[in-house]
Amino acid sequence: MTPVPPALLYARPGIVVTTDRFTVGRTSWPISDLTHLHVTRGPHDRLAVRAVGVSAVMIAAVGLLLGFTGGLQRLTAGAYLALGAVGLLPVLLAAAGARWRPPPYELWGWHRGVQVLLFSSDDERQFGEVSRAVHRAREGRRHGGRGDAPDPAAQFWRPGR
């Protein structure tokens, strides 16, 4: 009896998921060794976080400077409105950073007793396809074997001749 080659579940440049292995770049893991798979979101973009932090610190510094020098009493209503609008700048920067540079999706799992980052992508569609393929491969392993054996219930019934 010849061994059946593993079924291909997902294949794109640099990412291959079969019923036996999960390969990303030059790193490859046997599916049978992967346990405790879970999905998280990675850290926010460092540039966006720094922009929000710097703008918040600058606005707070201007507010403190005006408060200590007594300049707040001499401001007009228009100036107060402008300060309020500028106070929204960190919030707007945070929203824009989350929209334009969202945190990546990450697939984590345990491999031989060590938690490892298996896959990371900021493309939600690609990440969903890869994580579903890995979960399908794990389910095939869990339900008795390689996961690529044909399901007899899924085949058409044909009368015997």
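Predicted model: local features only at pLDDT ≥ 70, side-chain atom pairs only at ≥ 80, totals over all residues.
Two strands count as paired here if DSSP finds at least two bridges between them. β2 covers residues 15–18 and β3 covers residues 21–24, and they pair in the antiparallel sense over three bridges. Together β2 and β3 make a hairpin, with two residues between them.

Strand β4 spans residues 27–30 and pairs with β3 in the antiparallel sense, over four bridges. Here Phe22 stands opposite Trp29 in β4. β3 and β4 also form a hairpin with two residues between them, and Gly25 in the turn has a positive phi of about 65 degrees.

## A three-stranded sheet

Next up is an open sheet of three strands, in the order β5-β6-β7, with antiparallel pairing. The edges are β5 (34–41) and β7 (114–121), each of which pairs on one side only. On average, neighbouring strands of this sheet are turned by 25 degrees against each other, ignoring direction.

β5 and β6 (residues 105–111) run antiparallel and are joined by six bridges. Pick out Thr35 and you'll find its bridge partner in β6, Trp110. As a general point, side chains in a regular strand alternate between the two faces of the sheet.

## Salt bridges

Side chains of opposite charge can pair when their charged atoms come close. Counting a side-chain nitrogen of Lys or Arg within 4 Å of a carboxyl oxygen of Asp or Glu, the model has two salt bridges.

One joins Asp33 and Arg112, with the closest N and O atoms 3.1 Å apart. This pair links distant parts of the chain: Asp33 sits in the loop between β4 and β5, Arg112 in the loop between β6 and β7, and they are 79 residues apart. Asp33 is partly exposed, at 22% relative accessible area, while Arg112 counts as exposed at 64%.

Glu129 and Arg125 form a salt bridge too, at 3.4 Å from N to O. Both lie in helix α4 (residues 124–142), four residues apart, or about one turn of the helix. Arg125 counts as exposed because its relative accessibility is 56%, and the cut-off for exposed is over 50%.

## A nonpolar patch

Which residues form a nonpolar patch on the surface? They are Val62, Tyr80 and Leu83, with about 240 Å² of accessible area together. Tyr80 belongs to helix α2, residues 77–87, and is partly exposed, with a relative accessible area of 40%.

Methods:
Residues numbered from 1 in each chain as written. Heavy atoms only, no water. Patch = residues over 30% accessible without salt bridge, like charges linked within 9 Å, V, L, I, M, F, W, Y side chains within 5 Å. Areas by Shrake-Rupley, 256 points an atom, 1.4 Å probe, with all protein chains shown as cover. Buried < 20%, exposed > 50% of the residue type's maximum accessible area, 1.4 Å probe, protein only. Axes fitted to C-alpha atoms, helices over the stretch in contact; angles between N-to-C directions.
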